[in-house]
Amino acid sequence: MRITHYHGMTESSFNNWLNGKGKSDNVNPWTVSDNDRMTYLWGVDSLAESEFIEQDDEERKQEFAASMAFDSALCQWCLDDSEYIYIFGLSIEDAEAVEPDTSCENMTGAFCIHESEFTKDKVVNLVKYKTNKWYKPFMLANLMHRELFNIPENTDPALIKCAESLGGDHFVDIETISDLEPINAINEIN
């Protein structure tokens, strides 16, 4: 089955998903999607088109969509205590309830489905990455001044203070963190 969409989440969100709790207990990094009961996805073909990736370069298309899901998971990870992040490769037929993400501007290539539609049978590939907590202040420093970024009230004040002291000019990008080794985790949902 071809992967058509990617989704990234933290270990705590993964455990909630496995236990059928949806996203009600998850840390949500974006105010526009907080408690909306939607799961946000990155569309492989739509992202490729918007980023001018050749449609026949399937490997590059998959890598780019997976990297967007990785970035999304990192945004959530910098706010919770998870040790791992998970990247889902999903096969979702066009006829199903996949809608364009209209939660905010500039979301070309992003889609959403109701959380009840995000089921194990749609998962084609699942990879997890062990994280390094020392990157969190840098990630948070990069995100905390974005208008739609949501810092929950229970976020560790020391983490916030550290991120504020770094300022917005310092951040950790995907190339810095990409030394994290992927672990095949598909057996964790079977």
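The model is a predicted one, where local features need pLDDT of at least 70, side-chain atom pairs count only at pLDDT 80 or more, and totals for chains, interfaces and linings use all residues. Residues are numbered from 1 along each chain as its sequence is written, and side-chain values use heavy atoms, with hydrogens and water left out.

**Entry: T4**

I looked up the neighbours of T4, leaving out residues up to four places away in sequence, and got W42, G43, V44, L90, S91 and I92. T4 sits in the segment before β1 (5-10). For element names I use DSSP runs numbered from the N terminus: helices are H or I with at least four residues, strands are E with at least two.

Is T4 buried or exposed? T4 has 18% relative accessibility, so it counts as buried. The cut-offs are under 20% relative accessible area for buried, over 50% for exposed and partly exposed in between, with a 1.4 Å probe and protein chains only.

The T4 side chain also makes a polar contact with the side chain of H5, at 2.9 Å. A polar contact here is a pair of N or O atoms within 3.5 Å; within protein, one must be able to donate a hydrogen and the other to accept it, and residues adjacent in sequence count only if both atoms are side-chain atoms.

**Entry: strand β2**

From H5 I followed the strands. The bridge partner of H5 in β2 is G43, and β1 and β2 pair antiparallel over 2 bridges. Strands count as paired if DSSP finds at least two bridges between them. β2 also runs antiparallel to β5, joined by 5 bridges, and there M38 has H114 in β5 as its bridge partner.

Why do I call β2 (residues 38-43) largely enclosed by the rest of the structure? Because 5 of its 6 residues are buried.

**Entry: the cores**

Next I asked where the nonpolar side chains gather. By nonpolar core I mean a set of buried Ala, Val, Leu, Ile, Met, Phe, Trp, Tyr and Cys residues joined through side-chain atoms within 4.5 Å. The largest has 34 residues, and C78 and L140 have the most contacts inside it. Two or more residues come from each of α2 (44-50), α3 (58-77), β3 (84-90), β6 (123-130), α4 (136-143) and α5 (157-166). α3 gives the most to this core, 8 residues.

I checked C78 itself: not counting residues up to four places away in sequence, C78 touches K136, M139, L140, L143, F149 and L159. Apart from that core lies another, of 16 residues, including M9, F14, Y86 and F88.

As a reminder to myself, nonpolar side chains in soluble globular proteins tend to be buried together.

**Entry: rings**

I searched the whole structure for aromatic pairs and the count is 8. Rings of Phe, Tyr and Trp (its six-membered ring) pair if their centres lie within 6.5 Å; planes under 30 degrees apart are stacked, over 60 edge-to-face and the rest tilted.

The W17 and F88 rings have centres 5.1 Å apart and planes at 80°, so I logged them as edge-to-face. They link distant parts of the chain: W17 is in helix α1 (residues 11-18) and F88 in strand β3, 71 residues apart. W17 is buried at 14% relative accessible area, and F88 is buried at 0%.

F70 and Y129 are edge-to-face too, 5.0 Å centre to centre with 85° between the planes. F70 is in helix α3 and Y129 in strand β6, 59 residues apart. Both are buried. Ring pairs also link F14, W17, Y86, F88 and F118 into a cluster.

**Entry: T131**

I went to the loop between β6 and α4 for T131. T131 is buried, at 13% relative accessible area. Its side chain makes a polar contact with the side chain of W77 at 3.0 Å, and a polar atom of that T131 side chain lies 2.7 Å from the backbone oxygen of E83.

**Entry: N106**

Last, I noted that phi of N106 is near 60°, a positive value in a residue other than glycine. Most residues other than glycine have a negative phi. N106 is in the loop between β4 (99-100) and β5 (110-114), and it is exposed at 73% relative accessible area.

Methods: Contact means heavy atoms within 4.5 Å.
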